[in-house]
Amino acid sequence: MSKLTRLTVLGSTGSIGKSTLDVVARHPGKYRIIALSAQQQDELLFEQCRRFQPRYAVLLDEAAAERLVKRVAAAGLDVEVLCGAAALERVATLPEVDAVMAAIVGAAGMPPTLAAAQAGKKILLANKETLVLAGHLFMEAVHHSGSALLPIDSEHNAIFQALPNGYAGDMQRSGISKILLTASGGPFRKTPLEQLQHVTPEQACAHPNWSMGRKISVDSASMMNKGLEVIEAHWLFNASADDIQVVVHPQSVIHSMVQYVDGSVLAQLGNPDMRTPIAYALAYPERIEAGVAPLDLFQVATLDFSAPDFTRFPCLSLAYQALRAGGTTPALLNAANEVAVAAFLDRRIAFLDIPRLIETVLGKVARAEVHLLQDVLDADAAARAAAQEWISR
Ligand code: NAD
Ligand code: MG
């Protein structure tokens, strides 16, 4: 029988975090939760503490942490409540932790994920922003410490499964000609262009196939999510922008593909449910049950493919441009996008302002080389300031 895996879940109250705990709960005795974390959802975090009995629970918000301390004491739970960003790094690097699920949303997820890599933990990477912001530093930390890195993003998990065993980052040597990154096209794939200006956060968050957090749902609607995933694939698989082809596939049944020089294309298929990549990464190289219904191909019946529409989705072009520019440009893109999406969700800007804002910020804040983490943090802060200025202009 395989040994117990001791796990920290960063962002346990989110969409990926909850799916992770759902898979863990299906395998009693196989996983032990050491730490859980959330931004401010103390009620849900308390329920998770009761169920999974972690040693630590981290909240970013101080008032929420105080409430959790009281609840935990009243329930007689043996859970230490910690507060603040430094505590996230602490629970990601504890000696008694084997693996870290990195499922915080946004740039805030990067520091603890990087710390986990430096500490040599097995990393289950959902937080794509870590790679967009600090891909070079993160991959260097992974190689240096000998961490195992398993992608959770469904596309990258599919690519990982379709790559040759032990793929060492050399596409040519492995006979790979292209990475085919599939995209559903989101809820606005066919919306008349003149209506896009007026779409609401509710419409943007109503994804046709996947149930996800609000931020990534808006990114899927603008296709910035696919843009960030192109950058993510670049770092994970050592693929250039030209090596990565986005393929629109509205059924979201094929989760991505690898094309080989002999003409073979290997794909991974399944129902759109994040518990599949989560279970794959948790148990790798074994396979465990994930609670996902088997794919019914007769029900699916048809698979469609088309080229992405860069006019409809300027965010996708901006991301390709940022990857080609390199240095801090992807960090600037990500920060501007995070501010833009938050403003859109707050109804302060329109949907089509998202790419406008990002383009303005990229034109305004100078690109720099990335040598140290500080270079990334400075770029992130400068882009956020420029974006806020544009919004309140
Ligand atoms: P979510 O919004 O549902 O959950 C985010 C989690 O992070 C919550 O637990 C929240 O409390 C915590 N959090 C938010 N801001 C924080 C901060 N500043 N500091 C500390 N904790 C914070 O997000 P999600 O949809 O689960 O996505 C999580 C990550 O996984 C994102 O990077 C996303 O791109 C990636 N991802 C998600 C999906 C999906 O299906 N949801 C698929 C692929 C990749
Ligand atoms: Mg994805």
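This is a predicted model: local features need pLDDT of at least 70, side-chain atom pairs count only at pLDDT 80 or more; totals for chains, interfaces and linings use all residues.
Residues are numbered from 1 along each chain as its sequence is written, chains are lettered from A and ligands numbered from 1 in the order written, and side-chain values use heavy atoms, leaving out hydrogens and water.

**Magnesium site**
- Asp153 (OD), Glu155 (OE) and Glu229 (OE) coordinate the magnesium ion (ligand 2) at 2.1 to 2.2 Å; donors are N, O and S atoms within 2.8 Å of the metal (3.2 Å for Na, K and Ca), and sites may look incomplete because water is not among the atoms.
- Glu155 in helix α7 (residues 154-162) and Glu229 in helix α10 (residues 224-237) sit 74 residues apart, so the pair links distant parts of the chain.
- Glu155 is buried at 8% relative accessible area, and Glu229 is buried at 1% (buried is under 20%, exposed over 50%, partly exposed in between, with a 1.4 Å probe and protein chains only).

**Asn337**
- Asn337 is found in helix α14 (residues 329-345); helices are DSSP runs of H or I with at least four residues.
- Asn337 counts as buried because its relative accessibility is 0%.
- Leaving aside residues up to four places away in sequence, Asn337 touches Lys215, Asp219, Met224, Ile354 and Ile358 (contact means heavy atoms within 4.5 Å).

**Around Phe305**
- Phe305 lies in the loop between α12 (297-300) and α13 (314-325).
- Phe305 is partly exposed, with 45% relative accessible area.

Notes
Helices (H or I, at least four residues) and strands (E, at least two) are DSSP runs, numbered from the N terminus.
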